[in-house]
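Subject: Structure handover

Dear colleague,

Here is the structure I said I would pass on. My notes on it follow below.

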Amino acid sequence: MVASLLVATASLAAAPGSSAVEPLPGPDVPAHVRIASPDPTPSPLSSSGLAAKLESLIDQAPGASGAWVFDSQSNADPVLFAEDPGKSRILASNTKLFTTATALDRLGAEKRLETRVWKDGPTGPDGTLDGDLYLVGDGDPTFGESEVAALAQDVKDAGIGRVTGKVLVDDTIFDRRRGLGKNPSKPNPYVGTLSGLSYKFGLSGQGFAGKPEIDAGLAFKAELEDRGIGVDGDVDYGKAGTQL
């Protein structure tokens with residue numbers, strides 16, 4: 001995944017009865033921190049080579065395992081490999097395979113989820129940001145300490161030394177269904193809480209059970225302050241691009 005800083009201005013919504021607010025200038029210091037790169041493209045396997053490789057893997061799997069692999073673009077026989085494909089099984093964690101396959105199909109293998117930072121006010125010549133910082137999630141489940149630190153460093157590199165407003169967390173790329181199964185609104189005690197702005201897999205243990213986006217905001221604010229960037233306000237929820 002990629003954590004990136006786009007110190008930019010979020011457009012503000014006009015208050016009722018007032019004239020439209022002109023958007024502030026665009027990104028003054030765009031920066032990108034690559035934290036992962038895709039592996040080199042492997043050589044393609046033939047159908048027989050793929051079947052042999054899958055056969056070797058399934059031989060190492062537990063006895064109740066099975067597999068069914070097909071080519072969705074084949075006009076002939078699409079089945080590339082099958083091992084006990086008709087046996088009923090409880091999906092359990094295998095459900096993530098459907099999510100992963102859908103993401104690869106819709107987004108492509110080169111897609112990277114980017115957690116961004118935006119600002120909604122001008123930065124003065126003394127480095128004071130007269131406004132808020134937004135930490136905007138993109139659904140990256142691996143977002144954690146090193147990524148937060150990289151973003152905080154990028155804020156410093158952008159010339160910001162003080163924030164008069166708050167650190168606002170924006171997790172709205174996903175809905176607010178935090179749990180699983182029959183209780184989608186209740187966090188599951190055995191798995192990390194779902195969020196559009198996850199932090200340490202939703203298991204940070206900072207005291208905000210079920211609110212990993214707040215944990216991410218607190219960690220981000222702490223990293224800013226460690227770099228000498230004062231933040232006058234607290235950590236709160238906000239949506240980048242709207243007036244709060």
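Helices and strands are named here from DSSP runs, a helix having at least four residues and a strand at least two, with numbering from the N terminus. The model is predicted.

In those terms, Asp 84 sits in the loop between β4 (79–83) and α2. With a relative accessible area of 42%, Asp 84 is partly exposed, because that class covers values between the 20% limit for buried and the 50% limit for exposed. Asp 84 and Gly 66 are separated by 18 residues in sequence, while their C-alpha atoms are 5.2 Å apart in space.

Salt bridges

How many salt bridges does the count come to? The count is 5, taking a side-chain nitrogen of Lys or Arg within 4 Å of a carboxyl oxygen of Asp or Glu as the rule. Side chains of opposite charge can pair when their charged atoms come close.

Another salt bridge joins Arg 162 to Asp 232, where the closest N and O atoms are 2.7 Å apart. This pair links distant parts of the chain, with Arg 162 in strand β8 (residues 162–163) and Asp 232 in the loop between β10 (230–231) and β11 (235–237), 70 residues apart. Arg 162 counts as partly exposed at 38% relative accessibility, and Asp 232 is partly exposed at 45%.

Lys 166 and Asp 236 also form a salt bridge, and their closest N and O atoms are 3.5 Å apart. Asp 236 is in strand β11 and Lys 166 in the loop between β8 and β9, so the pair ties together parts 70 residues apart in sequence. The relative accessibility is 32% for Asp 236, which counts as partly exposed, and 33% for Lys 166, which counts as partly exposed too.

The second largest pocket

This pocket holds about 930 Å³ of space. Its lining has 24 residues, and those nearest the centre are Trp 68, Val 69, Phe 70, Leu 97 and Phe 98. Which helix gives the largest share of the lining? That is α2, with 7 residues. Strand β3 and helix α2 (95–107) each supply at least two lining residues. By residue type, the lining divides into 12 nonpolar, 7 polar and 5 charged.

A nonpolar surface patch

Phe 70 also takes part in a nonpolar patch on the surface, together with Trp 68 and Val 79. The accessible area of these residues together is about 300 Å². Phe 70 is located in strand β3 (residues 67–70) and is partly exposed, its relative accessible area being 43%. That value clears the patch rule, because patches are made of residues with over 30% relative accessible area and no salt bridge.

Regards

How values were computed
Residues are numbered from 1 along each chain as its sequence is written. This is a predicted model: local features need pLDDT of at least 70, side-chain atom pairs count only at pLDDT 80 or more; totals for chains, interfaces and linings use all residues. Side-chain values use heavy atoms; hydrogens and water are left out. Patches are made of residues with over 30% relative accessible area and no salt bridge: like charges are joined within 9 Å, nonpolar side chains (Val, Leu, Ile, Met, Phe, Trp, Tyr) within 5 Å. Accessible areas come from the Shrake-Rupley method with a 1.4 Å probe; for residues, only the protein chains shown count as cover. Buried means under 20% relative accessible area, exposed over 50%, partly exposed in between (1.4 Å probe, protein chains only). On a 1 Å grid over the protein atoms alone, a cavity is a set of points where a 1.4 Å probe fits but cannot get out, and a pocket is an open set with protein on both sides within 12 Å along at least five of seven lines; lining residues have an atom within 4 Å of a point. Grid points are joined across faces, edges and corners, and a volume is the space filled by probe spheres set on the points. Ala, Val, Leu, Ile, Met, Phe, Trp, Tyr, Cys and Pro count as nonpolar, Asp, Glu, Lys and Arg as charged, and the others, Gly among them, as polar.
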